[in-house]
Amino acid sequence: MINCKGFPELKNDNLLKAARGEPVDRVPVWVMRQAGRYLPEFQEFRKQHDFFTICRTPELACEVTMQPLRRFDLDASIIFSDILVIPQALGLTVEMHPGVGPVFPEPLQTPSDLKRLEPEGAIERVAYVGEAITMMRRRLDGKVPLIGFTGAPWTLMGYMIEGGGSKTMTKSKSWLLDYPEDSQELLTMLTLVIVDYLEMQVKAGAQMLQIFESSAEHLTKDDFLKWSLPYLKEIHDQLKLRLKEQSLPLVPMTLFAKGAAHSLAEQSTLGYDIISLDWTVDPVEARQQVGPNITLQGNLDPQDMYKSPEEIRVLVTDMVRKFGKTRYIANLGHGITPQTPIVSMETFIDAVHKALYVIEKLRKYAPRKTKLMD
């Protein structure tokens, strides 16, 4: 495996400092799906290259990963890939259909289909992600940290059974009810592969990891605690153990369980360094739920990016004020949407970086304003 030594020295480490709870000179900011369809250069790139061809070709993946960094003053880079490379590595065909999204021509329909999966050798079949990470670390030249990621077991299970994205997850939830033992087998298989996958990413040079439990919103709290949380804990614990045993960097780990605000207190017990919040969660309430020793990430509504620059600045400043300077990473509450104006992204990032100054200025001005009003 590739050793994560000899990379250029990191110049901007605010992201990692925020993850560790250390002082930062400005609030760090990055955006989920920051390399993607809202960028004209990405749209042009996609006219020339198939989506999964980009994911599987390190040079192409690095080029797309660099695109937002050339435009914006971001504090992090996230490797361009997709959570569905894991099902592909397990032997399922995944296609990206224009206007539809990912499609599995032959999804898992009954437990007998589990025998089609091939966990042995799966990590070798996604070695291109590790190659892209190592290449990207060198290409970044220490500009910002590089984030690696994976989908979580329940989210991946959903895609594999539904045959693509789903607004109801009916088939997957039926599996939990009708085939509980087989569901557990599948989730366990995915967990083991994910741990291997994240270990490979750290060895390749990833400096932070994010686990996307994007389909948590489809589970009740009881089902989330039964069918998601134990596997998320296993991923964290097993990976940290392996990294320690091999004297590898104990990189910060972020959990993003979209729609699981009902279980923030439970999420805070799993050991993750950062909990990312969707836009439905109040930052003040979230801090009360998770306590002072976990970094929070988020959580502007992606739809707010369609508002005027003036409105975005007000919303972002208020967001930063609620989260506070310590243990906070600014982000959206989900991925940036394809039609988002470029100026909105520029405004969002600039507003985050200036928020502490603006808040302090308002704080100093407020007493004088009150006195004048009296």
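This is a predicted model: local features need pLDDT of at least 70, side-chain atom pairs count only at pLDDT 80 or more; totals for chains, interfaces and linings use all residues.

Me: How much space lies in the second largest cavity?
Reply: About 40 Å³. A cavity here is a set of points on a 1 Å grid over the protein atoms alone, where a 1.4 Å probe fits but cannot get out. Volume is the space filled by probe spheres set on the points, and grid points are joined across faces, edges and corners.

Me: Which residues line the second largest cavity?
Reply: F7, P8, L10, R137, L140, G142, V144 and Q207. Lining residues have an atom within 4 Å of a point. By class, that lining has 5 nonpolar, 2 polar and 1 charged residues. Ala, Val, Leu, Ile, Met, Phe, Trp, Tyr, Cys and Pro count as nonpolar, Asp, Glu, Lys and Arg as charged, and the others, Gly among them, as polar.

Me: And the largest cavity, how much space is in there?
Reply: About 50 Å³. Its lining includes A257, G259, L264 and D278. The classes are 6 nonpolar, 3 polar and 1 charged.

Me: What about the largest pocket, what volume does it have?
Reply: About 1600 Å³. A pocket is an open set with protein on both sides within 12 Å along at least five of seven lines. Of its 48 lining residues, R33, R37, D82, P102 and Y159 are the closest to the centre. The lining has 22 nonpolar, 19 polar and 7 charged residues.

Me: New topic. At what angle do α2 and α4 pack?
Reply: About 160°, with their axes 10 Å apart. That makes α2 roughly antiparallel to α4, a label for angles over 145 degrees. Axes are lines fitted to C-alpha atoms, for helices over the stretch in contact, and angles run from 0 to 180 degrees between N-to-C directions. Helices are DSSP runs (H or I, at least four residues), numbered from the N terminus.

Me: Which residues meet there?
Reply: P40, E41, F42 and F45 in α2 meet L60, E63, V64, Q67 and R71 in α4. Contact means heavy atoms within 4.5 Å. By class, there are 5 nonpolar, 1 polar and 3 charged residues.

Technical notes:
Residues are numbered from 1 along each chain as its sequence is written. Side-chain values use heavy atoms; hydrogens and water are left out. Helices (H or I, at least four residues) and strands (E, at least two) are DSSP runs, numbered from the N terminus. Angles under 35 degrees count as roughly parallel, over 145 as roughly antiparallel, 65 to 115 as roughly perpendicular and the rest as oblique.
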